[in-house]
Amino acid sequence: MNHEDHHGMKMDNEELSIEEIEIKSWKKKLVWAWIFAIPIAFLMFSERLFSIELFNEMTMTAIILVLAFPVIFLTGWSTIRGGLRGFISFYFGMDSLIALGTIVAYITGFLTLFDIVQDYSGVAAMIMAIFITGKYIESKARGRASKEIRKLLELGAKKATILRNDKEIEVDIIEVKVGDIIIVKPGGKIPVDGIVFKGQSSVDESMVTGESMPSEKNMKDTVIGATINQDGILYVKATKVGKDTFLAHIIKLVEEAQGTKVPIQKLADKITSVFVPIILVLTVLVFINWFAFTQDLSRSLGVAISVLVIACPCALGLATPIALMVGSGIGAKNGILIRKGEAIQTMKEVKIVVFDKTGTITKGKPEVTDIYSINVKESYLLEIAGSLEKLSEHPLSRAIVAKADLKKYRSVSNFKILRGRGLQGKIGNKQIIIGNRTLMKENKIDVRKYEFTIVNYESEGKTTMIVSENRKIIGIIAVADALKEDSLEAISKLKQSGYKTVMITGDNETTAKAIAKQVRIDLVIANVLPEDKAKKVEELQREGMVAFIGDGINDAPALKQSNVGIAMGTGTDIAIEAGDIVLAKGSLIGVVQAINLSKKTFRKIKQNLFWAFAYNVVAIPLAVSGLLHPIIAEIAMALSSITVVTNANLLRRSRID
Amino acid sequence: MKKKILIEGMHCASCASNIERSLKKVPGIKDVSVSLLTRKAIVEAEDKVTDEDMKKAVSRTGYKAVSIEKD
């Protein structure tokens with residue numbers, strides 16, 4: 001199993017080098033092609049531009065034929081071979097057009113010797129040299145386009161220091177097994193996913209989640225592989241290795257997304273698949289027609305070659321995937337994982353953004369929000385409450401214990417949990433009762449004096465706990481599921497952009513309304529059972545397309561039902577299967593970024609498709625009508641695919657937040 | 001069954017669509033998506049389709065399947 005994991009990682013690395021090898025090989029071809037093509041150009045132009053005849057025509061043709069041979073058949077060999085194979089297998093590609101164009105042009109050189117036709121052999125060499133140059137520039141630009149994704153692949157640690165038999169040993173990453181204790185020194189990379197076993201430190205997780213603030217790690221906290229330990233030594237117990245790690249999942253997501261299609265590209269894809277055969281037929285027709293009307297073999301051949309080399313299926317075929325690649329790379333860098341290309345297109349139509357409340361708008365974990373102490377110090381109140389609540393596992397209790405953060409707890413006797421009402425116990429000789437109004441009433445403790453404060457907290461959606469000591473109230477502690485820091489900002493940004501914002505929750509009306517008021521959301525749908533969320537989304541869809549944002553674990557049906565499902569991940573619990581877009585960090589501003597990124601990427605795709613279509617629609621008729629010299633035609637073709645890739649790379653300059 | 005084929009030598013959009021067409025012709029292959037940029041074909045096929053079948057379909061178009069991985 002482990003061996004296979006290793007293989008998987010290795011594959012990805014090898015693929016990287018394939019890309020670099022390709023750039024290198026184009027570069028080598030480019031240098032050699034021009035070493036021969038420059039003298040050819042000089043010979044061709046010296047005659048035409050300056051009417052300097054260095055040699056007689058026969059010698060000149062012979063020299064060009066000799067010089068052109070290595071350009072076409074050595075540096076251009078892979079293109080020629082691939083192209084000719086198309087004529088045997090009937091799977092025609094771009095290469096078939098270039099191969100046919102250059103070979104026909106080259107042959108004219110020999111025919112010139114018998115005075116049959118004008119010499120295009122120099123042109124053939126120029127076409128090949130320009131084609132190779134174009135491919136080189138394109139491969140470089142494509143390398144830039146995949147920069148972010150490649151960085152992701154290189155993110156993983158190669159080595160790990162593990163503790164075995166009380167000894168620190170350095171091992172290859174693939175040898176780390178679940179359960180191993182890994183030592184991560186300050187500045188070191190945490191090699192795999194795990195939980196902190198010993199030590200504390202802050203960890204920079206920006207490379208994986210896009211979250212720029214370092215995250216504090218203590219015992220039992222989860223850590224993510226490939227993140228950087230900053231200041232303390234961490235002992236991490238490995239929980240996930242190889243293909244199971246968070247990083248491996250992200251890489252898989254991003255890779256798979258590259259294979260998905262954006263609906264708008266369908267037409268372009270259809271055209272690409274029949275493009276080359278159509279151009280071949282067109283070329284033959286053009287040649288026959290030109291020859292029939294002009295009786296000029298040289299001119300007819302020139303026009304035919306122009307048509308062959310100007311047609312560019314590449315720009316059409318690259319337009320969408322290259323923009324998707326740049327877009328998803330930028331996303332991955334910011335913790336936004338686009339799983340399906342389709343989501344990018346659908347996003348543009350979305351009118352309503354629906355949020356789940358718990359864990360999406362709020363942190364999903366109750367926290368103490370207010371402490372109101374009466375005639376005692378706040379620290380004393382927390383000490384008493386914390387000591388008692390420590391003995392309970394209730395989420396509200398845990399919130400108070402976390403807030404009190406006591407080093408030493410008071411010893412409690414006669415402790416009792418009063419289900420649904422609160423707790424009681426004795427600290428020293430003092431009787432402590434903590435709980436809600438009902439509990440106080442049962443014990444005949446008068447709360448009327450503080451009724452106003454309590455009601456006020458409740459109207460804010462908070463749960464209050466009244467703390468009494470010897471039947472006297474010493475304080476009120478309010479607990480609520482706190483908002484995430486950027487929820488308000490994110491929702492107001494969405495509203496500014498014209499989206500209708502909706503919150504769905506299982507909470508009661510009061511709590512829901514209180515939260516809604518704080519984040520200024522447009523519409524609240526409360527008291528919704530988890531299984532009914534999808535139905536509510538369906539109802540909203542009657543008004544317009546809906547994007548649903550939820551945690552991906554409980555909200556899977558609603559994510560599926562919506563037009564664009566955005567799943568929120570936190571830490572290592574990433575819901576891979578749910579959602580068209582997955583957010584690696586838990587913050588809501590990621591939703592705004594995801595929407596902006598989708599829109600911008602889609603706009604790039606549209607621009608690219610427009611240029612690619614427009615190029616072919618304009619250029620092919622120009623070539624057919626004989627207005628373009630074959631060399632100009634080839635330059636135009638090379639530029640068209642470079643333009644598409646460069647334009648996609650420009651996406652990197654736009655802001656998404 | 002989902003498989004990932006790494007393909008060598010593919011450098012234009014027509015190539016990708018040729019490979020896609022060729023793979024789709026193999027009986028038992030239900031869905032194919034070839035990505036020019038990742039140089040990978042993701043194939044959804046019945047279990048009866050062998051790696052050999054897929055390799056042949058790729059080489060028929062003039063390219064080489066470097067490796068086939070189960071996804």
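Q: How much area do chain A and chain B bury between them?
A: In this predicted model, chain A and chain B bury about 2700 Å² between them, 54% of it on carbon and sulfur atoms. Buried area is the accessible area (1.4 Å probe) that two parts lose on being put together, summed over both.

Q: And how many residues does the contact take from each chain?
A: Chain A gives 33 residues and chain B gives 27 residues; contact means heavy atoms within 4.5 Å.

Q: How many salt bridges are there between chain A and chain B?
A: The count is five, a salt bridge being a side-chain nitrogen of Lys or Arg within 4 Å of a carboxyl oxygen of Asp or Glu. In one salt bridge, Lys4(B) pairs with Glu255(A), with the closest N and O atoms 3.6 Å apart.

Q: By class, what does the side of chain A that touches chain B have?
A: That side has 12 nonpolar, eight polar and 13 charged residues. Ala, Val, Leu, Ile, Met, Phe, Trp, Tyr, Cys and Pro count as nonpolar, Asp, Glu, Lys and Arg as charged, and the others, Gly among them, as polar.

Q: Switching to salt bridges over all chains, how many does the structure hold?
A: The structure holds 37. One salt bridge joins Arg164(A) and Asp180(A), whose closest N and O atoms are 3.3 Å apart.

Q: Where do Arg164(A) and Asp180(A) lie?
A: Arg164(A) lies in strand β1 (residues 159–164) of chain A and Asp180(A) in the loop between β2 (167–172) and β3 (181–184) of chain A, so the pair ties together parts 16 residues apart in sequence. Strands (E, at least two residues) and helices (H or I, at least four) are DSSP runs, numbered from the N terminus.

Q: Which residues of α2(A) make the contact with α5(A)?
A: Among them are Ile64(A), Leu65(A) and Ala68(A).

Q: How are residues and chains labelled here?
A: Residues are numbered from 1 along each chain as its sequence is written, and chains are lettered from A in the order in which they are written. Local features need pLDDT of at least 70, side-chain atom pairs count only at pLDDT 80 or more, totals for chains, interfaces and linings use all residues, and side-chain values use heavy atoms, with hydrogens and water left out.
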